[in-house]
Amino acid sequence: MRARLNAAALAHLPAGVKRPAYDRSRVQTGIVHIGPGAFHRAHQAAYIDQILASDPRWGIAAMALRSRDITGALNAQDELYTLQTLGEGEETRVIGSILSAQSGARGAEPLLDTLTLPTVKLVTLTITEKGYCLASDGALDAVHPDIAHDLAHPKSPKSAIGLILEALTRRRAQGLPPFHVLSCDNLSDNGVKLAGAVTALAAERDRGLASWIAGEVRFPRTMVDAITPATDGALKAHIAQALGYTDAVPVQREVFTSWVIEKSDIAPFPDLEAAGALMTDDVAGHAFAKLRLLNGCHSPLAWLGLACGYESVNDAMADPWLARFITRLAEDEIAPSIAAPDGMDLSAYAATIRARFANPAIRHLLSQIAWDSSQKLPVRLLSTVENNLSAGRDITLLTASVASWMRFVRRMAASGQPLTDPMAAELAAIGLRCNDDPDHDVTLFLSLDAIFRADLATNARFRAGLIEGYDLVRRLETGARPSCPA
Ligand code: CS2
C-alpha cells in the first residue's frame, strides 16, 4: 500500500514529477477561494502556483460551503494534490498553492474567520452557474431557499453570496479594507452579475452597506477556459504510479489553458500575466465568445452525443454527422451573434475549439457536461436564440440543440436515471409526463418559466424549431442519420 502524498513526500518524488518551486512555509494567505472543485485546482490554483516563488503573498485558503469531501482529502495531504495535463507537452505537477481547506458543513464561522484575515485581499469563486442563486433574468433570486435563509440569518449564511456579504460586513465593522471578488465561472458578465447579487442582498440589510460595497469593492469580469475531465480511477492509478504516493484528489486537464481578467484599479493584485493570464479591458468580448462558441457547442454535443450512444466528447466528435452539426451550429448560427473581441478570427477560434474537443488524449464524459444543464441552457444557448430571433437570423440548429436537451431529460426520466441538476425533481416529473409526441412534449418543457422566459416560450418560430428538432433527435436515438438540417 503506497503512502499518502503529503509535505514530507515532496523531497522524495521522482525527478520527472514537478513540485512547488517555493517554500510553502513562507507563503501567506492572500486569496480565499470558494468552490475547490476540479476546475479550480486544475486552473486558478495552477496559475497561482507559478507565481508564489516570486510573490508569496498569494497563497490560497480553499473553502467548500457544505461538502467535506474535497477539503477533508486535501487536509490529509497537507493541501497538496497533483495536476496531470494531457496531450502534447503534458506534465505531472504537484501543486502547493492551496495552504488550507475548510468546509462550512458545521457552520460559516470558521470560514468567516478566514475571510476577515487582514492578509486576504481577493476572493475567487468557482461555484458553477447554480451557485449564484440568480433568476432567469440574471438578477438575484430573492426566493431562492439559500438566499431566503441568508436574509433571515445574515450572520450564518449558507450561500456564497451571503458569505461574501457577511465577511465584507465584518471587515467594514472592524475597519479592515474590503477584499475584491473574482468570479471564475462560465457566466456572461460574471463579475457584473456577482456584484449585482451581492449588492442586492446588501441593500435588503443596510443601504449604507450596499453603497459601501458598490463604491469600494471591485468585481472584475473574467473568462476561464481549460477542458477539465472529472477525476476518475484511471487518473488516480496513473498518479499513484507516477508519484509513488497515493493522491485522493488529483486533477487532469488539457494542456491548453486561458484566464482573461478585466483590468481594474485593484492593488495589490497578483502578477498573473507572469503565469500566462491576459489582463484586458475587453474581457467581456473574450468571455462572450468563449461562452457561446465553446460552451454553446459543448452542451449540444453532450446531449446529441448521448442520444447517439456515445460516452465521451472525442468519440462524439469522430461521428461525421455530429461533427457537421457542431461545425454548422458554430459557423452559421452562433458566430454571427458575436462581435469579435480584439480582432479575433471567430471561424479560426471555433475550429481550434473543435480540435480541442476531438483531442484523443482527453476522455471528457458527455454525462459530466450534461450536469446542471437547466442552469447552462439560458446562458449558453437561449440568449443566442433571442439575439438571432431579434436579428432575423436562423435558429434551426439552435432549436435542435435545445430540443436535444429536452430529449435527454425525457430519456433519463423514462429510464429512471437520476439527473444531476438543481431542477432534477421538476425535470424528472416533466420527463415522465412526456409521451414522445413532439408537440405535446415541447409544450411541457416550455412551461418551465425558470428556464424559458415568457416571450421566448410563446415565440412561434422558436416553438416550431423545437418541435422539428425534437423529432430529429428521436430519429437519431434510433440510429438513423437524417440529413443534417444545415
Ligand atoms: C463544460 C465546461 O462541463 C461543462 O459544462 O462545457 O466545463 C468546459 O469544459 C469549460 O468551460 C472549458 O473551459
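This is a predicted model: local features need pLDDT of at least 70, side-chain atom pairs count only at pLDDT 80 or more; totals for chains, interfaces and linings use all residues.
Two residues are said to be in contact when heavy atoms of theirs lie within 4.5 Å. Where they meet, 27 residues of domain 1 are in contact with 27 residues of domain 2.

The area buried between domain 1 and domain 2 comes to about 2100 Å², and carbon and sulfur atoms give 60% of this area. On the side of domain 1, Glu129, Ser136 and Ile227 supply 25% of the area buried against domain 2, more than any other three residues.

Polar and charged groups also take part. Four salt bridges are found across the interface of domain 1 and domain 2, along with seven residue pairs in polar contact, both residues at pLDDT 80 or more. The elements giving two or more residues to the side of domain 1 that touches domain 2 are β8 (222–225), β9 (251–254) and β11 (278–280). Strand β8 gives the most, with four residues. By residue class, this side of domain 1 holds 11 nonpolar, eight polar and eight charged residues.

In helix α18 (residues 438–446), the buried residues are Pro438, Asp441, Val442, Leu444, Phe445 and Leu446. These buried residues pack against four helices: α16 (396–414), α17 (424–433), α19 (454–457) and α20 (460–477).

How values were computed
Residues are numbered from 1 along each chain as its sequence is written. Side-chain values use heavy atoms; hydrogens and water are left out. Buried means under 20% relative accessible area, exposed over 50%, partly exposed in between (1.4 Å probe, protein chains only). Buried area is the accessible area (1.4 Å probe) that two parts lose on being put together, summed over both. A salt bridge is a side-chain nitrogen of Lys or Arg within 4 Å of a carboxyl oxygen of Asp or Glu. A polar contact is a pair of N or O atoms within 3.5 Å; within protein, one must be able to donate a hydrogen and the other to accept it, and residues adjacent in sequence count only if both atoms are side-chain atoms. Ala, Val, Leu, Ile, Met, Phe, Trp, Tyr, Cys and Pro count as nonpolar, Asp, Glu, Lys and Arg as charged, and the others, Gly among them, as polar.
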